[in-house]
Amino acid sequence: MKILVTGGLGFIGSHTVVELQNEGFDVVIIDNLSNSSLEVLDGIERITGKKPHFENIDLREKKSVQDLFVKYQDINGVIHFAASKAVGESVENPLLYYENNINTLVYLLQELQAKQKTHFIFSSSCTVYGQATTMPITENAPVQQAMSPYGNTKQIGEEIITDVAKVTTINAILLRYFNPIGAHPSAEIGELPIGIPQNLVPFITQTAIGLRKELSVFGDDYPTADGTAIRDYIHVVDLAKAHVVALQRLLENKNTEKVETFNIGTGTGSSVLEVITTFEKVSNTKLPYKIVARREGDVIEAFANTDKANSVLGWKAQSTLEEALASAWKWEQKIRR
Ligand code: WQD
């Protein structure tokens, strides 16, 4: 029985492959290496003692997707990470996002339907909620008008999966991630942002290591306790483990609906300034930063109500913000050595 992990050399994908192999699953990674590198495969092997099958495939090539399912007849579950995920880039280049995030999902689902496959885990995002009106955010919070083409591809992806599951053998779990941060405690794998990091934590660690002059804090005039925006920062290993639990739920036919949705976060909100002070504490460094204008499209506050994930999925985040930031710092120091 094999588990196909698309985008399996990416940040969240690679950490999920480690947890799958730790649980004894036989993993096939497909990745087009557009936002990852082959060294990640070696990192996974160093951690787990096992090298996953790897296919350098671009899911935009429909024939390649078809050939994959001929080569691996015993794929029993799919975890679909492969997608472009930079909010700003999606605004500049929407068609890249609609082609890479939607067409590829359609080709994948077409193969699953043709081969009567069943178990599908989808990488979704809290971005579908936009600025939710009630905190913490439950899965029943309304999906709001997307604030970027990237966010729209996640909403459309969820709708496509829901429509397809209604008329095929496919059962799906949609995992709406909050803010993944950190790295595997071994520091053998972690986040490898290309160019200037868009996300807060890699920008912090690159500033602390001296790669960046200072962090720009995007606004301190939000209606929050310290004026900076609030997010739910979850250790990437906790997030990875949620995928294994979700897959096992489907494999054991425990799902009560054809498509189930779970918010995957810690349930705790942290402001940008809180992240900075926590990072300074765990790294014993002073982080240079300046307050600048708000970033277009940012929400004020987003953190998860994790009751459903805890009680129905049977999963709960274990790591603290300190532990997650310490793992991010350890990883940054490792790769800059
Ligand atoms: C977090 C906070 C920024 C950088 C995005 C996507 C989401 C997911 C995670 C893919 C915000 C502030 C950031 C900086 C800052 N991506 N910030 N200075 O925007 O919550 O979520 O990434 O799935 O879908 O929307 O994450 O890390 O970019 O920002 O002040 O240099 O840090 O304003 O308040 P975000 P982020």
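Contact here means heavy atoms within 4.5 Å. The model shown in these views is predicted.

**View 1. Surroundings of Leu20.** With neighbours within four places in sequence left aside, Leu20 is in contact with Ile3, Val5, Phe25, Val27, Ile79, Val244 and Leu247. Leu20 is also one of the residues with the most contacts inside the largest nonpolar core.

**View 2. The largest nonpolar core, made of 36 residues.** Besides Leu20, the residues with the most contacts inside this core are Ile44, Ile121, Leu175, Ile264 and Trp315. Elements that each supply at least two of its residues include strand 1 (2-6), helix 1 (11-22), strand 2 (26-30) and helix 2 (39-48). Helix 8 provides the largest share, 8 residues.

**View 3. A second, separate core of 26 residues.** Among its members are Ile30, Ile75, Leu112 and Leu174.

**View 4. The aromatic pair of Phe279 and Trp329.** The count of aromatic pairs comes to 1. Phe279 and Trp329 are arranged edge-to-face, at 5.5 Å centre to centre and with 85 degrees between the planes. Phe279 belongs to helix 9 (residues 272-283) and Trp329 to helix 11 (residues 321-335), so the pair ties together parts 50 residues apart in sequence. Phe279 counts as buried because its relative accessibility is 0%. Trp329 is buried too, with a relative accessible area of 10%.

**View 5. Charged ends over aromatic rings at Tyr222 and Phe262.** The charged end of Arg294 sits over the Tyr222 ring, 4.1 Å from its centre. Over the ring of Phe262 sits the charged end of Lys308, 4.9 Å from the ring centre.

Definitions and conventions. Residues are numbered from 1 along each chain as its sequence is written. This is a predicted model: local features need pLDDT of at least 70, side-chain atom pairs count only at pLDDT 80 or more; totals for chains, interfaces and linings use all residues. Side-chain values use heavy atoms; hydrogens and water are left out. Rings of Phe, Tyr and Trp (its six-membered ring) pair if their centres lie within 6.5 Å; planes under 30 degrees apart count as stacked, over 60 as edge-to-face and the rest as tilted. Helices (H or I, at least four residues) and strands (E, at least two) are DSSP runs, numbered from the N terminus. Buried means under 20% relative accessible area, exposed over 50%, partly exposed in between (1.4 Å probe, protein chains only). A charge sits over a ring if NZ of Lys or CZ of Arg is within 6 Å of the ring centre and within 35 degrees of the ring normal. A nonpolar core is a set of buried Ala, Val, Leu, Ile, Met, Phe, Trp, Tyr and Cys residues joined through side-chain atoms within 4.5 Å.
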